[in-house]
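Welcome! Please take a moment to look over the chain below before reading on.

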Amino acid sequence: MNPNPAGSPQQPPAGGPSPYAVPPGAWGQPGSPAPAPQAAERGKVATVLLLVSTVFVGLMAGLFFAFDVSVMPGLAAGDERTYVTAMQNFNAAIDGNGLFGMVFVLALLIAAASAIVEFRAGRRNVAVWVAVATVAYFVVLMITFSVNIPLNNELADAGDAAKLTDFSIVEKFKSTWVSTNIIRTLLCTVALTALSRALVLYGRATR
């Protein structure tokens, strides 16, 4: 006689696993990992911080580089009166630009925030590279506030270039301002390279 007539469910062997049992660890079962929306949200914040800091530092590196290879050599090829007038206009345009001011300052703050977030997330190798970028860009700001801005202010105080008789400020720009701007470009390049490396490591760590 057939112990399993047609239409009747087959019983699992005594003591064996049920074919209808939900595997241990499946979602919603005891011992299963709970969804972590907060962790996902923190991951998004970390990504945004790292990307924005990289873009902002890149923008500053591009600005300084443009002055190195085009603006300052072009002005040096002209007369001193034109040099003063042009630099006064450049400085006034940059100082009065809120977007520039935002990028200039936030590049440092966001990079620093990104380094802290990465360190707390346990991605220490990423945090180290972001910290290197933060320090390099911090030096850029220190040079700007201690050298370039005072020279810009001195140039602005010179007044109308058409009435100017003492052009010693031009020599300061051609020597000190130009040299420090090259240093700013190099430091921003270091910071941008470090952030690019951090992005690569971050991608590997979160893949």
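This is a predicted model: local features need pLDDT of at least 70, side-chain atom pairs count only at pLDDT 80 or more; totals for chains, interfaces and linings use all residues.

Residues are numbered from 1 along each chain as its sequence is written, and side-chain values use heavy atoms, with hydrogens and water left out.

**The overall fold**

- The chain has five helices and zero strands; helices (H or I, at least four residues) and strands (E, at least two) are DSSP runs, numbered from the N terminus.
- Reading along the sequence gives the pattern α-α-α-α-α.
- Of the chain's 207 residues, 31% count as buried, where buried means under 20% relative accessible area, exposed over 50%, and partly exposed in between (1.4 Å probe, protein chains only).
- Among contacts (heavy atoms within 4.5 Å) with a separation of 6 or more, 76% join residues 24 or more positions apart.

**Aromatic rings**

- The whole structure holds six aromatic pairs: rings of Phe, Tyr and Trp (its six-membered ring) pair if their centres lie within 6.5 Å, and planes under 30 degrees apart count as stacked, over 60 as edge-to-face and the rest as tilted.
- One of them is the tilted pair of Phe 67 and Trp 177, with 5.8 Å from centre to centre and 55° between the planes.
- Phe 67 belongs to helix H1 (residues 37-76) and Trp 177 to helix H5 (residues 168-205), so this pair ties together parts 110 residues apart in sequence.
- Phe 67 counts as buried at 9% relative accessibility, and Trp 177 is buried at 4%.
- Phe 173 and Trp 177 make a stacked pair, because their ring centres are 5.7 Å apart and their planes meet at 20°.
- Phe 173 and Trp 177 are four residues apart in helix H5, so about one helical turn separates them.
- One aromatic cluster is made up of Phe 67, Phe 90, Phe 173 and Trp 177.

**Charges over rings**

- Arg 184 lies over the face of Trp 177, 5.5 Å from the ring centre; a charge sits over a ring if NZ of Lys or CZ of Arg is within 6 Å of the ring centre and within 35 degrees of the ring normal.
- The charged end of Arg 124 sits over the ring of Phe 119, at 4.1 Å from its centre.

**Nonpolar cores**

- The largest nonpolar core has 30 residues; such a core is a set of buried Ala, Val, Leu, Ile, Met, Phe, Trp, Tyr and Cys residues joined through side-chain atoms within 4.5 Å.
- H1, helix H3 (98-120), helix H4 (124-157) and H5 each give two or more residues to this core.
- Leu 50 is among the residues with the most contacts inside the largest core; leaving aside neighbours within four places in sequence, its contacts include Ser 114, Val 126 and Leu 195.
- Another core, of 16 residues, lies apart from the largest one and includes Met 72, Tyr 83, Val 84 and Trp 177.

- Phe 173 is buried, with a relative accessible area of 0%.
- Phe 173 and Val 84 are 89 residues apart in sequence and 9.6 Å apart in space, C-alpha to C-alpha.
- Thr 144 has its place in helix H4 and is buried, with a relative accessible area of 5%.
- Not counting residues up to four places away in sequence, Thr 144 touches Phe 104, Ile 149, Pro 150 and Arg 184.
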